Amino acid sequence: MKTANLLASLLPSIGSSGARVLNAGAGVYAIPVASEDQFFVDLFAAPLKGRKNAVCATVEQLPFRGAAFECVVCVGEVLSYCDPAAALREFARILSPRGHLVLDFGSTRSIAHWRTELFGRAADIITDQYNGSSEKVWRYSPLYIRDLLRKNGLDVRQTHGIHTWSTLAKRLGASEARALKLQRWLEIVKLPSGWADILTIVAVKETSGR
């Protein structure tokens with residue numbers, strides 16, 4: 001919900017004058033811009049069914065020319081399953097100067113990893129639960145992601161934390177359902193975004209040299 005609200009506040013102004021927006025790793029996320037201005041990429045065909053301007057591809061090798069988009073949105077933890085260095089290099093390449101990138105990633109500095117060997121590592125694999133099954137996913141240090149962004153000419157403007165109270169509750173032994181209820185009840189009481197399990201970064205491409 002927090003990511004959806006962020007997109008709703010940020011993207012109407014970006015997309016209001018025919019700006020091109022790439023929904024990278026499209027999945028179930030809908031972006032509030034005109035359909036003719038939105039393009040979709042996903043590794044699988046199913047999320048793209050019925051969508052205009054859609055192509056199956058990996059975010060590590062995008063089939064678009066340089067500076068093709070005014071905004072790239074990559075949310076839903078796409079980076080948990082790919083090489084972030086390659087993906088961010090591609091996002092920077094296809095963004096026009098002053099273009100926006102909205103990016104989610106799982107953080108190794110989350111409350112979930114306090115007092116574990118994973119905490120603060122640049123990158124590491126964890127076993128996570130998704131739809132009742134276990135799967136291996138990548139987690140990254142915010143410092144590592146910020147460094148990759150900087151190296152690709154992308155300047156971080158905003159950072160938002162997702163799942164703070166819920167992550168703390170699960171760390172203390174609460175069930176998934178109870179933790180999510182607690183997150184909704186206590187959303188108004190802000191914990192530091194750096195404690196969050198998922199971070200959303202908004203960055204702007206500062207130069208045209210990449």
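Two strands are taken to pair if DSSP finds at least two bridges between them. The exercises below concern a predicted model.

**Exercise 1.** Determine which strands pair with β5, and in which sense.

*Solution.* Begin with β4, residues 69-74: five bridges join this strand to β5, and the two run parallel. Within this pairing, C74 has L103 of β5 as its bridge partner. Turn next to β9, residues 198-205, which pairs with β5 in the antiparallel sense over seven bridges. Here D104 stands opposite T200 of β9.

**Exercise 2.** Explain why the buried residues of α3 lie on the same side of the helix, and identify what covers them.

*Solution.* First, list the buried residues of α3 (residues 142-151): P142, I145, L148 and L149. These residues share one side of α3 because they cover an arc of only 125° around the axis. In an α-helix there are 3.6 residues a turn, so residues three or four places apart point the same way. On the other side of α3, L143 and R150 are exposed. Finally, the cover over the buried residues includes α2, β5, β7, β8 and β9.

**Exercise 3.** Identify which residue caps the N-terminal end of α3.

*Solution.* The cap is S141, with a side-chain oxygen 3.1 Å from the backbone nitrogen of L143. Just after the helix, G153 takes a positive phi of about 75°.

Terms used. Residues are numbered from 1 along each chain as its sequence is written. This is a predicted model: local features need pLDDT of at least 70, side-chain atom pairs count only at pLDDT 80 or more; totals for chains, interfaces and linings use all residues. Side-chain values use heavy atoms; hydrogens and water are left out. Helices (H or I, at least four residues) and strands (E, at least two) are DSSP runs, numbered from the N terminus. Buried means under 20% relative accessible area, exposed over 50%, partly exposed in between (1.4 Å probe, protein chains only). The arc is that of the directions from the helix axis to the C-beta atoms. Contact means heavy atoms within 4.5 Å. A polar contact is a pair of N or O atoms within 3.5 Å; within protein, one must be able to donate a hydrogen and the other to accept it, and residues adjacent in sequence count only if both atoms are side-chain atoms.
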